[in-house]
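Take them one at a time, and try each task before reading its solution.

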Amino acid sequence: MTVETKPSNTSDSNQEAEPDQLLDDEGNKNPPVKKTSSRTGLKVFLAALSFSYFSKALCGTIMKSSITQIERRFSLTSSVAGFVDGSFEMGNLLVIAFVSYFGAKLHRPKIIAVGSFTMALGCFLSAMPHFFMGYYKYETTSHTDASASSNSSINPCSLHQDVNDTVLEVSQADCEKEPSSYMWIYILLGNMLRGIGETPITPLGISYLDDFAKEENVPMYVGCLHTIAMLGPMFGFLLGSLCAKLYVDIGFVDPGSITITPQDSRWVGAWWLGFVIGGVLSLLSAIPFCFLPKSLKKPEGAKKDKASHGLLENMGAMGNKLSPEKTKPRKLSLMLKDFYNSLKKVLGNRMYFTFLCCSLLQFSSFIGFVTYKPKYMEQQYGQSTSKSNFLIGVTSLPPVSLGIFLGGLIMKKYKMGIIAATKFSITMSFLSYVMGLLHFFVGCDNHMVAGMTVSYEGNPIPYHNNSLFSECNSHCKCSSNVWDPVCGANGITYVSACLAGCDTSVGHGKNTIFHNCRCLEISSSWTGNNSATLGQCPKSDDCSRNFIYYTVIQVIGGFFYALGATPSFILTFRCVQPELKALAVGLFTLTMRMLAGIPAPVYFGAAIDRTCLKWGSTSCGKRGACRLYDSNANRYVYLGLGALLRGPSFLVAIIFYALIKKHFQNKNSGPVENGQEDAAVNKEDNCKIKERLPGSPDAENESSI
């Protein structure tokens, strides 16, 4: 290894000199990089990293926006779908320690390129099941009528009377050949592979910028990266909206034969298309990194600082050559001992540990809320998956981006110290929490489904007293497992045309109309015609108005939450000793992923499953995805679980604020013990107050408000 230092007797800034005997042939083999090429290389790296940030954020959002589609396509419960979603964090955790430690020692741009290629492979693997599963077969009573003419008349009551042993044997044979039962595992593996590929992008990318960019430019570069990264979720939800509007087998199935619409709980959009597009973008983002150098020319100001450090490293390497067998075991033991002591210091820091517990509760609530937000909008307000994703991308993300930007701007403008930042972060989070509680009051009532939420006469019935059979449909011998809803002219939804007691049907596909439905006649307040159309009845106008209120509350609450995000991130490493910052941030990330990112979608999904009123069924007769939820129970479970997690976090936050205030106020009022710190204080502005942690050799300059 050679170490370059800038000689004091030359005015040529582009020439490098070697210390005494360390000069060798390598200096001639590797001439200094020109300044212009260094600037160009840094710009290319920043552009490539920005595109990589965008593609990884977009791929992650596609998974979130497709979770409902995947649940329906593979007949999964919400808890299993949540487990699939959490597999990304599992993949990330598998390699995060390895990448963080060894990645910086290797060719960082090429490691990032490998990560992007791996991300692309994960996206393609997630989309692969679509091409091997055959066409999507949703449960319906009218498959046999798909080829019927529009003038034909079919009796829905007779469809279930001619089922014989031959049909049952054919159905059983189809079930044995059906490969889709466990195809969702490929999505899980693809999502895990995507988590592995995404791991090196942020730590290695930021460290590369920090090493080869001017120190004053690094914050601006990081800000640009995060700004561009915020565009990823926005475009991801818009792409998810477009894909959800397209039928899953688009191009291969006649649209006229499809009897369901995007508003139907059986509808599955082209979920696979988003993964294919995300995989292509990830593949393109990997290409520029393959041609970038391992290192660029270091900034002028950093040469003198890093030269002596490099010389010490060189001398250390020479010492290792003398007695490698003795020094390596000693170094390993010292490294492990140092890691243990550092970990003990971090976890023994009451401020950090309290902040960690508070953040864990907040993040668990946030992850569960975001994962099932599109599903909640569909089930609670009767919105389609496409419209739900579109509204999230258009209304929720821009205020969050603005809030994050303004949060950092406010911190800079008012020169917030750690005490003020803590107070500001807790206040904004609490305001967001209060706004979120208003969601409980803007929900919608249950769908009026005969035999499930209301009686056939139209009166509300308790959950445990539901019954799909009545005198009006007793002559039909209907199946209770099929979910093929029809909307009666009286505004009540029936599980199927057969259970509505309909005798005839006219039309084809989505335009089918059922007539002479006996169950409409017994409705206590209905005197109109007795016809029904395919699909569930829409929710009331009051529900549409409440959805607008929900959206407004969500926008304001998200803005408040984002305002406190930047100060909260700063607190992650401000409440520990400076030399332990990296370990504190790494431990924080590890804890959030392991204890929140993985389990939260699972137990949120399990709680949501408990509110299901009607489960779908597969062609094999097994339980499929949920078709109808109890809207009231779903609202209380989904919002209540998030509120129960976030509520206690504010009690922990108060304790954290008390610890922060007690510690730093005492340090501000007390004398500074370290002479070096006195010098540092004199060197800084007189208006800045030194805030110092116990045992730390350095200190951070914070102003008080």
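**Exercise 1.** Find which residues Ser631 is in contact with, leaving aside its neighbours within four places in sequence, and decide whether Ser631 is buried or exposed.

Solution. Keep in mind that this is a predicted model.
- Step 1: beyond those sequence neighbours, the contacts of Ser631 are Gln379, Gln380, Cys444, Asp445, Asn446 and Lys539.
- Step 2: Ser631 has a relative accessibility of 1%, and buried means under 20%, so Ser631 counts as buried.

**Exercise 2.** Work out how strand E7 is covered and which strand it is joined to.

Solution. 
- Step 1: strand E7 spans residues 612–617, and five of its six residues are buried, which leaves the strand mostly covered.
- Step 2: E7 is joined by four bridges to strand E8, residues 623–629, and the two run antiparallel.

**Exercise 3.** Locate the nonpolar patch on the surface and say which helix gives the most to it.

Solution. 
- Step 1: pick out Phe117, Phe124, Val280, Leu283, Leu284, Ile287 and Phe291, which together have about 630 Å² of accessible area.
- Step 2: helix H4 (108–127) and helix H9 (271–286) each supply at least two of the patch residues.
- Step 3: H9 gives the most, with three residues.
- Step 4: check Leu284, which lies in H9; its relative accessible area is 45%, so Leu284 is partly exposed.

Conventions. Residues numbered from 1 in each chain as written. Predicted model: local features only at pLDDT ≥ 70, side-chain atom pairs only at ≥ 80, totals over all residues. Heavy atoms only, no water. Patch = residues over 30% accessible without salt bridge, like charges linked within 9 Å, V, L, I, M, F, W, Y side chains within 5 Å. Areas by Shrake-Rupley, 256 points an atom, 1.4 Å probe, with all protein chains shown as cover. Salt bridge = Lys/Arg side-chain N within 4 Å of Asp/Glu carboxyl O. Buried < 20%, exposed > 50% of the residue type's maximum accessible area, 1.4 Å probe, protein only. Pairing = 2+ DSSP bridges. Contact = heavy atoms within 4.5 Å.
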